[in-house]
Amino acid sequence: MSPAIRMMSMALFIQIFTFFLFTATVSSFPPGGFTVDLFQRRSNSSSSRISNTQPGSSPYADTFSDSSEYFMKLQIGTPPIQIEAILDTGSSRIWTNCLPCGNCFKQSGPVFDPSKSSTYKDKICDGSPCSYETIYEDQSYTKGTIATETVRIQSTSGQPYVMPETTIGCSHNSSVVFRTAASGIVGLNWGSSSLVSQMGEDMLGLMSYCFSGEGTSKLNFGSNAIVSGDGTVAANMFRKKANPNMYYLNLDAVSVGETRIETLGTPFQALDGNMIIDSGTTYTYLPESYCDKVRTAVEKVVKADQGASTDNMLCYKTNNMDIFPVITMHFQGGADLVLDKYNTYMMYGEVTCLMILCDPGTPILGNRAQNNFLVGYDPSSLLVSFKPTNCSALWS
């Protein structure tokens, strides 16, 4: 939902951008499945908030991660320049730092210079370039102009997926409160300006990813994105009027070992979605009153001294994972996600912390909880599917 903690849905545009209804034309690529490799970089900074077609005949590529965020490489402009951007199912805009960049956070690679691209074109509002501003809940922000540009995604098949006249944000003023190597964000939600929406009808809005804690992860579109087979469970997916571009799930209960904590009878109870699934947030967040019940259940099982923590995390002075209970998340539709210890606990030296945080903001299922699940989004069926998978070994 955000590159750091969680995204506060706030797009402060000078104009009402009806041009976001634009759908890019895809060229130089046959219809069907498409997959992108993802990457993960390790750093010492703190975390923020398929069809039957075989891989050999259907393209796929990689992503990577930095500070528990997942990135993809893509090329923009003509001639193309490669950028690295955070994958964010909690936002819709595709944006990157652009020259001139008088106040931009430092990125690892070159900053995109629109003056050197023959395919860059500003969107015009009342005779001037259309402006945008997005502010994130941790006070990270991006400000700039809306433009169209050619976007190319290299696949491991060797053939690029080309999207001419794709709507992007060209950021001339940006700041993040966390350390990152990325130059921007790739929005992947239901919004009309997101990457998956601008891919057009060939992809049918189908998307899936498989996040690995180590090694290669995958991002899939179209026919490659169908998740099925043994072990697959599906949760109902919802759109809410108050925030229609987000992917909502409905959490019915959380089990801590053999103790099941129902949302029924609590303010968290809902029938039409009470939690956002977000690739751009590391941790999982629950509302405070319900979260306290989950933490209390963990405390009853773990026999170790509690340790100092940051971010209001529940931490223990131990690095023995065996003493921690298995946590299962029960979603409406019959998806019972039995989470591995890696999904729910994190070691910081001799201290181990629960990665479910109590927070008054929007409840979030973060990317750490999604690690080693093949997670598929099917807008037509309104389902999110989960299949336990060794993501680092997928198609290797």
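In what order do the three strands of the open sheet stand, and is their pairing parallel or antiparallel? The order is 22-26-25 and the pairing is antiparallel, where two strands pair if DSSP finds at least two bridges between them, and strands (E, at least two residues) are DSSP runs numbered from the N terminus. Strand 22 (315–316) and strand 25 (345–348) each have a single partner strand, so one side of each is left without a neighbour in the sheet.

This is a predicted model, in which local features need pLDDT of at least 70 and side-chain atom pairs count only at pLDDT 80 or more, while totals for chains, interfaces and linings use all residues. Residues are numbered from 1 along each chain as its sequence is written, and side-chain values use heavy atoms, with hydrogens and water left out.

| Strand pair | Bridges | Direction |
|---|---|---|
| strand 25 and strand 26 (residues 351–354) | four bridges | antiparallel |
| strand 5 (residues 94–97) and strand 11 (residues 161–175) | three bridges | parallel |
| strand 10 (residues 141–153) and strand 11 | twelve bridges | antiparallel |

Met346 has Cys353 of strand 26 as its bridge partner. Gly169 in strand 11 stands opposite Trp95 and also opposite Ile146.

The unreviewed UniProt entry lists Asp88 and Asp278 under "active site", an annotation that may be inferred rather than shown by experiment. They span 191 residues in sequence, yet no two of their C-alpha atoms are more than 6.8 Å apart, so they gather at one spot. Asp88, in strand 4 (residues 81–88), is buried (under 20% relative accessible area, 1.4 Å probe, protein chains only), with a value of 0%. Asp278, in the loop between strand 20 (275–277) and strand 21 (284–286), is likewise buried at 0%. The backbone nitrogen of Gly90 lies 3.0 Å from a polar side-chain atom of Asp88 and 3.5 Å from one of Asp278.

Methods: Buried < 20%, exposed > 50% of the residue type's maximum accessible area, 1.4 Å probe, protein only. Polar contact = N/O pair within 3.5 Å; in protein donor to acceptor, adjacent residues only side chain to side chain.
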